[in-house]
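These are my notebook entries on a structure that is new to me. I set down what I looked up, one topic at a time.

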Amino acid sequence: MIGNQVLLNKINVFPVPDGDTGTNLSLSLGAALPTLSQSKYDRAGELLVAVADAMLDGARGNSGAILAQFFQGVCDASAELATLSAESFHHAVKTGSEYAHEAIAEPVEGTMLTVIGAYAKAMDALAKDARIESIGELLKNTLAPLNEALQKTTSQMDALKKAGVVDAGAKGFVELMEGLTDYVSNGVETEAPDLTVLESSDEFVALDGEGEDYAYRYCTECIVVGDDIDRRKLREALAPLGDSFVLAGSKRKAKVHIHVNDPQAVFEVSRRFGELRGEKADDLERQQRNHGTRGGFAVVTDSAGDISDEDMDRFDIHMVPCRIQFGDRGYLDKLSITVKDFYHELATNPNHPTTSQPAPGDFRRQYQYLASHYEDVISINLTNKASGTYEAARSAAARTDASGNIHVVNSKNASLGQGLIAVFAAECGDAGLSAKETLAEVDKLIPETVTFATLKNLDYAVKGGRVPAWVKPVANFLRVVPIIRTSPDGKISLAGCIFGQRNLAKRFAKHVAKRIAHHDRLVVGVGHAVDPDGARDACETLQARLPGIERLTQAEIGTAIGVHGGPGTLLISAHPARQPTVSDD
């Protein structure tokens with residue numbers, strides 16, 4: 001099935017044509033590979049319990065959640081068995097089918113669920129045949145009805161009929177069962193797939209309705225862990241929030257998958273039923289725009305990079321969210337908590353937040369998806385001098401097995417500086433530069449990109465441990481407002497100060513203008529933490545003093561700087577203006 005990842009992405013039409021079914025199924029099954037490679041399991045049931053648990057943790061997307069629930073049923077039916085017979089295997093598949101159907105709030109004919117049901121029904125019929133004595137025979141004799149059910153999916157759903165394809169999730173399940181049959185019946189082991197080459201762009205399915213607006217934007221998932229999860233009440237609480245709802249798992253661990261507009265609402269509800277893990281939310285609209293794309297490259301950054309919403313949409317830049325924790329309450333940066341809400345919590349919550357880099361798995365899921373649709377992926381990440389984000393991204397890239405090349409770049413910057421570099425990379429792509437040419441241009445730009453920030457209030461830097469407690473009263477007594485900046489090697493350090501807060505924004509802008517005025521042409525970004533008036537004053541001052549500004553953008557400062565600066569923080573990033581041009585070679 002992993003070998004057919006590209007094909008499954010290509011024919012992915014339902015529930016949304018976002019081209020990630022093959023990737024999601026590959027990641028979901030891939031989570032079980034380490035368990036299967038271990039030799040410590042002597043009993044079939046014990047192994048199946050471990051596999052089901054690993055798949056539940058690793059389940060991705062609608063199809064991955066359904067498949068994980070199928071294996072949960074197989075596991076529960078076999079947990080006490082030392083070996084599997086044809087009869088017990090048939091019972092396990094039947095239970096798996098029942099579990100999978102129970103996981104779906106609103107089943108639709110023509111999906112993976114339909115094919116799993118047909119598979120179980122075919123086994124029911126064969127189980128009555130006394131001549132079927134082994135699992136191998138049972139598997140071989142169910143392939144024909146299984147493939148017949150797969151072909152019928154085309155006519156069972158309008159979206160599949162228009163595209164002229166079978167359901168991608170259903171085909172993935174068939175590929176899995178065919179591989180299982182070859183292995184059990186004939187001893188055939190499938191070789192590791194070669195994913196270095198993808199089909200050309202004209203082979204992707206043309207989908208009717210591409211570009212349409214969907215009712216729900218975010219594919220949202222999480223795992224709920226508890227001693228006795230009331231899955232019925234959890235289902236009733238979550239189902240009204242969106243669609244494509246799947247609830248997999250057991251009373252001790254449940255996997256939630258749902259499409260919604262407000263991911264945080266899903267997490268808030270789920271948290272009432274147990275401890276929350278593995279929260280994620282993928283942007284379906286942005287993914288849909290990539291479906292069928294080949295050639296060129298994608299640009300992705302982590303949420304420490306601040307970019308205006310306009311530029312994110314205009315250049316289709318992807319984002320991997322960092323994680324924010326206020327006491328026992330966790331959030332996905334810029335997805336399950338807005339910048340505005342973050343600063344409200346920062347000012348009112350007694351718990352000072354901690355921030356953490358995205359897990360390598362978060363990067364890997366994004367890389368896996370994008371590298372299945374593009375020849376190259378350029379990832380612009382937070383300076384390695386301030387966080388382990390860059391190393392997490394490198395680790396994820398090394399473990400991603402999609403065909404596209406992943407290039408992880410240390411921006412040696414933060415906030416708007418990191419964002420300006422990501423935007424420049426996207427501009428290079430729009431201008432027709434290759435990934436190789438873009439990386440060369442980005443390498444030149446990084447040491448020329450600088451970020452300055454002024455911290456109006458040192459309370460938050462003290463709470464976060466970035467500034468010793470004794471510094472604040474001294475600074476207050478001297479009426480000193482510190483200025484920090486990035487250096488070419490990626491360090492963030494003190495770079496000066498301003499005395500007094502009167503006209504702070506304008507004086508801060510003058511300070512920065514003096515240090516970047518040697519550039520004739522500039523791209524500048526101004527950021528603020530809930531201080532739009534200060535940002536406006538800074539912009540006006542910069543424009544008056546730097547006539548060479550070719551582009552000036554504004555954005556809200558996110559958590560990377562905001563968690564230490566708090567409300568009122570102002571930030572200015574700049575680099576020399578460059579015109580991306582395609583080489584003559």
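**Entry 1: salt bridges**

I began with the rule that a salt bridge is a side-chain nitrogen of Lys or Arg within 4 Å of a carboxyl oxygen of Asp or Glu. I noted that this is a predicted model, in which local features need pLDDT of at least 70 and side-chain atom pairs count only at pLDDT 80 or more, while totals for chains, interfaces and linings use all residues. I also noted that residues are numbered from 1 along each chain as its sequence is written, and that side-chain values use heavy atoms, with hydrogens and water left out.

How many salt bridges does the structure hold? I found 26 of them.

I looked up Lys253 next, and it pairs with Asp53 in a salt bridge whose closest N and O atoms are 3.0 Å apart. Because Lys253 lies in strand β3 (residues 253-260) and Asp53 in helix α4 (residues 44-58), the pair ties together parts that are 200 residues apart in sequence. For such elements I kept to DSSP runs numbered from the N terminus, with helices (H or I) of at least four residues and strands (E) of at least two.

Are the two partners buried or exposed? I used the cut-offs of under 20% relative accessible area for buried, over 50% for exposed and partly exposed in between, with a 1.4 Å probe and protein chains only. Lys253 is buried, with a relative accessible area of 7%, whereas Asp53 is partly exposed at 23%.

Asp311 and Arg551 also meet through their side chains in a salt bridge, at 2.6 Å from N to O. This pair links distant parts of the chain, for Asp311 sits in helix α14 (residues 309-314) and Arg551 in strand β16 (residues 549-556), 240 residues apart. Asp311 counts as buried, at 4% relative accessibility.

I then turned to Glu448 and Arg578, whose side chains meet in a salt bridge of 2.7 Å, N to O. Here too distant parts are linked, since Glu448 is in the loop between α19 (435-445) and β12 (450-454) and Arg578 is in the segment after β17 (570-576), 130 residues apart. Glu448 is partly exposed with a relative accessible area of 32%, and Arg578 is partly exposed with 27%.

**Entry 2: aromatic pairs**

For rings of Phe, Tyr and Trp (its six-membered ring), I counted a pair if the centres lie within 6.5 Å, and I called planes under 30 degrees apart stacked, over 60 edge-to-face and the rest tilted. By this rule I count seven aromatic pairs. One of them is Phe70 with Phe71, an edge-to-face pair at 5.5 Å centre to centre with 85 degrees between the planes, and both Phe70 and Phe71 are buried. Phe342 and Tyr343 form another edge-to-face pair, at 5.0 Å centre to centre with 70 degrees between the planes; Phe342 and Tyr343 are buried as well. I also noted a cluster in which ring pairs link Phe70, Phe71, Tyr119 and Phe173.

**Entry 3: surface patches**

I took patches to be made of residues with over 30% relative accessible area and no salt bridge, joining like charges within 9 Å and nonpolar side chains (Val, Leu, Ile, Met, Phe, Trp, Tyr) within 5 Å. Which residues gather in the patch of positive charge on the surface? I found Arg485, Lys506, Lys510, Lys514, Arg515 and Arg545 there. Helix α22 (residues 504-516) gives the largest share of the positive patch, four residues. Arg515 is found in helix α22, and counts as partly exposed at 38% relative accessibility.

Val474, Phe477 and Leu478 make a nonpolar surface patch of about 330 Å². I placed Val474 in helix α21 (residues 471-478), where Val474 is partly exposed with a relative accessible area of 39%.

**Entry 4: positive phi**

I recalled that most residues other than glycine have a negative phi. Asp316, which is not a glycine, has a positive phi of about 55 degrees. I located Asp316 in the loop between α14 and β6 (318-320), and found it buried, with a relative accessible area of 16%. Val530 also has a positive phi, near 45 degrees. Val530 is in the loop between β15 (522-528) and α23 (532-545), and is partly exposed at 39%.

Definitions and conventions. Accessible areas come from the Shrake-Rupley method with a 1.4 Å probe; for residues, only the protein chains shown count as cover. Lys and Arg count as positive and Asp and Glu as negative; His and the chain ends are not counted. The place of a charge is taken as NZ of Lys, CZ of Arg, CG of Asp or CD of Glu.
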